[in-house]
Amino acid sequence: MQDVDNLYTEIVTDVSGTTTLSQLEQIEIKHFGRQGSINTSLRNIKQIPEKERKAYGQTINEIKDKASALLEKHRQALIEQAGKEKTVDITLPGKHYPHGSLHMVSYAIDEISKIFEKIGFIRMSYREVEWEWFSFESLNMPKGHPARDDFETFFIEHEPDPTLGKMLFTPHTSSGQNREMKRLGKPPIRMINMAKTYRPNWDASHVPMFHQFEGLCVDKGINITHLKGTIDYFAKQFFGPEREIRLRPFHFQFTEPSFEVDITCGVCKGTGTVNGKRCKLCKQGWLELGGTGMVHPNVLRDGGVDPEEYSGWAFGFGVERVYSMKEGLKLDDIRILYNGDIRFLKQF
Ligand code: DAH
């Protein structure tokens with residue numbers, strides 16, 4: 001009889017110790033299964049002295065009834081709880097959801113803007129659909145001037161404006177210079193115009209839509225040393241403190257004097273050679289960054305700024321270009337930036 005007394009206590013402990021339905025099923029088999037403790041005890045009845053068999057049998061049946069009521073109650077409780085909690089097995093490995101990232105060009109724009117904002121330049125984003133006048137006349141390129149041909153242009157089929165001319169996709173961010181001068185009314189001006197620009201070219205090294213950033217600084221007493229100092233600051237912040245720049249005389253209609261800016265090559269450190277061989281990236285130690293110069297008096301005048309009182313400098317660089325130079329990306333085909341191939345884009 002001793003075993004039988006313990007049986008009920010054992011079942012109660014087992015049942016109440018389960019926290020999931022599958023654990024409870026195991027306990028059910030252990031006690032109520034064919035080979036379970038209850039049936040085993042019933043089969044043992046033969047070993048009990050005859051006189052006691054009746055009482056023994058009754059006790060076991062009572063235990064069976066009580067225990068199965070208890071088990072059912074516990075099962076209901078577990079079902080209810082599972083419904084409420086939707087039990088989660090926290091030991092399972094987590095799911096990795098794919099997450100997006102910004103486009104490489106957005107990272108570049110962000111980084112470049114911050115560098116100029118640190119020294120007080122205001123980030124603007126002037127229009128990409130523009131009037132002819134802002135892209136050309138306001139930049140000292142009157143109608144019919146051959147310099148316009150350097151900026152191959154998408155014109156838009158739209159009624160021309162009697163004074164501003166045709167509507168176009170601006171081929172350079174320089175069109176923002178006049179707009180910024182007019183927005184502020186008078187200097188000081190420190191602008192970084194970051195915008196989409198368009199030219200009708202589509203090949204391995206050109207895309208019809210790309211990005212430029214245009215610096216414009218106009219104030220009293222501004223001269224070339226300010227221009228050079230600012231571009232040098234940008235080059236060192238963006239490419240690294242060991243990089244040097246140089247100005248090479250050039251021609252733009254909207255600046256006088258005009259220059260192209262070069263930066264020392266990051267691979268050969270400006271020497272033009274790597275291990276005694278000619279540097280494969282730059283060939284002569286320098287890489288071209290873009291155009292710059294002192295703002296032409298006509299451009300200031302068109303912006304409502306008196307060139308006798310004020311002077312300024314400007315530059316225009318390509319975002320995609322400087323970013324690939326910084327990262328040492330040798331893109332065989334620059335179109336990969338815009339064809340939406342996630343395998344390429346997700347590397348940034
Ligand atoms: N707008 C020129 C281009 O797209 C770049 C440029 C050159 C901008 C000289 C400037 C500048 O502001 O001063 O090729």
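Ring pairs link Phe116, Phe121, Phe213, Phe234, Phe238, Phe239, Trp313, Phe315 and Phe317 into a cluster; rings of Phe, Tyr and Trp (its six-membered ring) pair if their centres lie within 6.5 Å, and planes under 30 degrees apart count as stacked, over 60 as edge-to-face and the rest as tilted. The model is predicted, so to speak of local features a pLDDT of at least 70 is needed, while side-chain atom pairs count only at pLDDT 80 or more and totals for chains, interfaces and linings use all residues. Residues are numbered from 1 along each chain as its sequence is written, and side-chain values use heavy atoms, with hydrogens and water left out.

The structure holds 22 aromatic pairs. One of them joins Trp313 and Phe315, which are stacked with 6.0 Å from centre to centre and 15 degrees between the planes. Trp313 counts as buried because its relative accessibility is 0%, and Phe315 counts as buried because its value is 2% (buried means under 20% relative accessible area, exposed over 50%, partly exposed in between, with a 1.4 Å probe and protein chains only). Another member of the cluster, Phe238, has the charged end of Lys326 over its ring, 4.6 Å from the centre; a charge sits over a ring if NZ of Lys or CZ of Arg is within 6 Å of the ring centre and within 35 degrees of the ring normal.

Strand β12 covers residues 311-318, and six of its eight residues are buried. Helices (H or I, at least four residues) and strands (E, at least two) are DSSP runs, numbered from the N terminus. Two strands pair with β12, where pairing requires that DSSP finds at least two bridges between them. Strand β6 (residues 209-219) runs antiparallel to β12 and is joined to it by eight bridges, with Gln212 opposite Gly318. Strand β11 (residues 286-295) is also antiparallel to β12, over five bridges, and here Gly293 has Ala314 as its bridge partner.

The biggest share, six residues, comes from β11. In total 48 residues line the pocket, and Phe210, Glu288, Leu289, Gly318 and Arg321 lie nearest its centre. Its space is about 1400 Å³. On a 1 Å grid over the protein atoms alone, a pocket is an open set of points where a 1.4 Å probe fits, with protein on both sides within 12 Å along at least five of seven lines, and lining residues have an atom within 4 Å of a point. Grid points are joined across faces, edges and corners, and the volume is the space filled by probe spheres set on them.

Trp202 belongs to the loop between β5 (189-198) and β6. This residue counts as exposed because its relative accessible area is 56%, and Arg335 lies over the face of its ring, at 5.3 Å from the ring centre.

Some backbone details are also worth a look. Most residues other than glycine have a negative phi, and most peptide bonds are trans. The bond from Pro187 to Pro188 is cis, with omega near 10 degrees, and Glu256 and Pro257 are likewise joined by a cis peptide bond, with omega about -5 degrees. Lys269, in the loop between β8 and β9 (273-274), is not a glycine but has a positive phi of about 60 degrees.
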